[in-house]
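Student: Can we go through this one piece by piece? I'd like to start with a single side chain and then move on to the strands.

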Amino acid sequence: MKTYTIKGMGCTGCAVTVEEKLSKVAGVTAVKVDFDQQKATIEAPKEVPLEVLQKALEGTDYTIKKD
């Protein structure tokens, strides 16, 4: 389980969108996005490269970085 900071979320609907997009990444088994904390917790059996997570958010106003 890894925690990341998400930038660009302005509402809880944004958090749902981020959660949906990150959930579709190959290898990710679970995602929980906390709008108030601007954080995403991602579970995966193997570490998913940050570049892959960033690509999943491509075309949105959201960015992701490791904590």
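This is a predicted model: local features need pLDDT of at least 70, side-chain atom pairs count only at pLDDT 80 or more; totals for chains, interfaces and linings use all residues.

Student: Where is S23 placed?
Tutor: S23 is in helix α1, which covers residues 12-23.
Student: Is S23 buried, exposed or partly exposed?
Tutor: Partly exposed, because its relative accessible area is 39%, and that class lies between the cut-offs of 20% and 50%.
Student: Leaving aside neighbours within four places in sequence, which residues is S23 in contact with?
Tutor: With that exclusion, S23 is in contact with V28 and V31.
Student: And how far apart are S23 and L57?
Tutor: They are 11 Å apart in space, C-alpha to C-alpha, and 34 residues apart in sequence.
Student: Switching to strand β3. Which way do its side chains point?
Tutor: They alternate along residues 39-43.
Student: What does β3 pair with, β1 for instance?
Tutor: β1 (residues 2-7) pairs with β3 in the antiparallel sense over four bridges. β2 (residues 30-34) and β3 also pair in the antiparallel sense, over five bridges.
Student: So what stands opposite T41?
Tutor: T3 stands opposite T41, and K32 stands opposite T41 as well.
Student: How many residues are between β2 and β3 in the hairpin?
Tutor: Four. Q38, in the turn, has a positive phi of about 60°.

Technical notes. Residues are numbered from 1 along each chain as its sequence is written. Side-chain values use heavy atoms; hydrogens and water are left out. Helices (H or I, at least four residues) and strands (E, at least two) are DSSP runs, numbered from the N terminus. Buried means under 20% relative accessible area, exposed over 50%, partly exposed in between (1.4 Å probe, protein chains only). Contact means heavy atoms within 4.5 Å. Two strands pair if DSSP finds at least two bridges between them.
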